[in-house]
Amino acid sequence: MCAVVLLLGTQVGEATATAAVATRLRLGHMDDYAPWGQRRQERAEAVAEADVRKSTSEVWLL
């Protein structure tokens, strides 16, 4: 019984430690992204416009 409790406790501890490290690394990398500027806004609008044109032309082809 004692071995089972020790095994389960070790597994829970390892899973908790792994999740904590993964979260810390993920949060640490979030600052690596560039701010959303004018160039990215223009690109996002161009992509959205192209998507609308493509979906509209597909409707006409059907």
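Visitor: What does the accessible surface of the protein chain come to?
Guide: The accessible surface comes to about 5900 Å², of which 66% belongs to carbon and sulfur atoms; such areas come from the Shrake-Rupley method with a 1.4 Å probe. This is a predicted model, in which local features need pLDDT of at least 70 and side-chain atom pairs count only at pLDDT 80 or more. Side-chain values use heavy atoms, without hydrogens and water.

Visitor: Why is arginine 53 called exposed?
Guide: Exposed means over 50% relative accessible area, buried under 20%, and partly exposed in between (1.4 Å probe, protein chains only). Arginine 53 has 57%, so the residue is exposed.

Visitor: What makes glutamate 49 partly exposed?
Guide: The relative accessible area of glutamate 49 is 42%, which therefore falls between the two limits.

Visitor: How do you know that arginine 53 and glutamate 49 meet in a salt bridge?
Guide: A salt bridge requires a side-chain nitrogen of Lys or Arg within 4 Å of a carboxyl oxygen of Asp or Glu. Here the N to O distance is 2.5 Å, so the pair qualifies.

Methods
Residues numbered from 1 in each chain as written.
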